[in-house]
Amino acid sequence: VISEEPPQAVRIVREPKVYLVGRQSVSEAEVDRFLAEEGTTWQTDTERGAERLCESAGRLCYMSFGKGRKTNADYLGHIIESGHGSVLEHATWNFVFAGISRSLTHELIRHRAGFAYSQLSQRYVDESTADYIEPDIIANDPELHALWLEAVTTCQDVYRRLVSGLADRLKEIPEATTRRKMARQAARSVLPNACETKIFVTANARAIRHFVELRGSEHADIEIRALAVKVLTVMQAEAPNLFGDYELRPHADGVPVVWTAHRKV
Ligand SMILES: Cc1cc2nc3c(=O)[nH]c(=O)nc-3n(C[C@H](O)[C@H](O)[C@H](O)COP(=O)(O)OP(=O)(O)OC[C@H]3O[C@@H](n4cnc5c(N)ncnc54)[C@H](O)[C@@H]3O)c2cc1C
């Protein structure tokens with residue numbers, strides 16, 4: 001297939017984006033109804049739904065409402081120290097991650113327990129003008145950057161030519177959506193790992209902690225470590241009593257590593 005158009009300049013992305021799009025709220029009336037029917041009362045000092053829900057789930061185990069540790073931070077701190085991680089599964093958030101590569105999401109979706117995913121489809125969505133994620137170590141070297149750009153530009157150009165050639169071959173198919181899907185699903189075979197993607201992710205606090213620990217480690221790929229660090233930063237602001245035990249420590253490659261004394265609760 002001969003392209004009539006010159007290859008288009010590709011857009012390069014260097015940083016993951018994290019959008020926290022959903023969080024839980026507590027139905028206070030139902031909590032109060034339960035407590036009243038059990039003849040007990042309970043007050044806590046956090047307004048954050050996820051933290052209130054985890055504390056109430058933990059307290060239900062021993063019906064310790066109104067007893068023992070006074071603050072939510074103390075209560076959840078003890079849960080984390082003692083490794084009672086199943087209590088943290090009651091806290092759930094929804095995220096959109098964007099500006100990340102297909103190679104990153106291939107690693108991300110290996111996290112199964114406590115995660116749900118919905119990812120941009122390369123069968124339905126046209127990738128002719130996709131963005132591409134360039135690793136810093138390549139971007140910082142002019143010669144390697146030129147080589148990388150040449151490869152990515154070529155892949156994108158070939159993708160566009162394949163889509164157009166396939167559309168021609170498939171013109172007998174009356175349904176436009178089916179025709180486009182068939183063309184794109186075949187043409188995507190030449191798209192590189194660097195291709196940008198977007199993914200909707202739902203995860204609970206225990207699963208997020210495990211993800212942040214494994215992917216925030218110095219052994220993790222730098223791109224997913226940068227994402228893990230962003231997720232952790234967002235979560236420390238969102239639910240400090242569930243994520244406050246983590247520290248970010250500097251690393252020679254410029255992306256910090258994540259540390260905690262309480263791994264895999
Ligand atoms: C630095 C690094 C390098 C890696 N290299 C490779 C590689 O070369 N090749 C490769 O294939 N993968 C690799 N992985 C991915 C790794 O093997 C895991 O698949 C990934 O980290 C998901 O973690 P997880 O298994 O703890 O699963 P999660 O789904 O995050 O589960 C959390 C925990 O739940 C429990 N759990 C989850 N599912 C089950 C189950 N089905 N049965 C029993 N218990 C379960 C386990 O205790 C598990 O640790 C790498 C990961 C890292 C961090």
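Hi everyone, let me begin with a definition: a residue is buried when its relative accessible area is under 20%, exposed when over 50%, and partly exposed in between, using a 1.4 Å probe and protein chains only. By that rule Arg249 is partly exposed, with a relative accessible area of 34%.

A word on sources: this is a predicted model, where local features need pLDDT of at least 70 and side-chain atom pairs count only at pLDDT 80 or more, while totals for chains, interfaces and linings use all residues. Residues are numbered from 1 along each chain as its sequence is written, and side-chain values use heavy atoms, leaving out hydrogens and water.

Now, back to Arg249. This residue forms a salt bridge with Glu247, with the closest N and O atoms 3.2 Å apart; a salt bridge here is a side-chain nitrogen of Lys or Arg within 4 Å of a carboxyl oxygen of Asp or Glu. Glu247 is partly exposed too, at 36%.

Which residue does Arg215 meet in a salt bridge? The partner is Glu107, at 3.9 Å from N to O. That pair links distant parts of the chain, 108 residues apart: Arg215 sits in helix 8 (residues 205-215) and Glu107 in helix 4 (residues 102-108). Helices here are DSSP runs of H or I, at least four residues, numbered from the N terminus. Arg215 counts as buried at 18%, whereas Glu107 is partly exposed at 25%.

Finally, the ligand. Arg215 is also one of the residues around the ligand, meaning that a heavy atom lies within 4 Å. Ligand oxygen atoms come 2.7 Å from a side-chain N or O atom of His210 and 2.9 Å from one of His111.

Note on methods:
A polar contact is a pair of N or O atoms within 3.5 Å; within protein, one must be able to donate a hydrogen and the other to accept it, and residues adjacent in sequence count only if both atoms are side-chain atoms. Helices (H or I, at least four residues) and strands (E, at least two) are DSSP runs, numbered from the N terminus.
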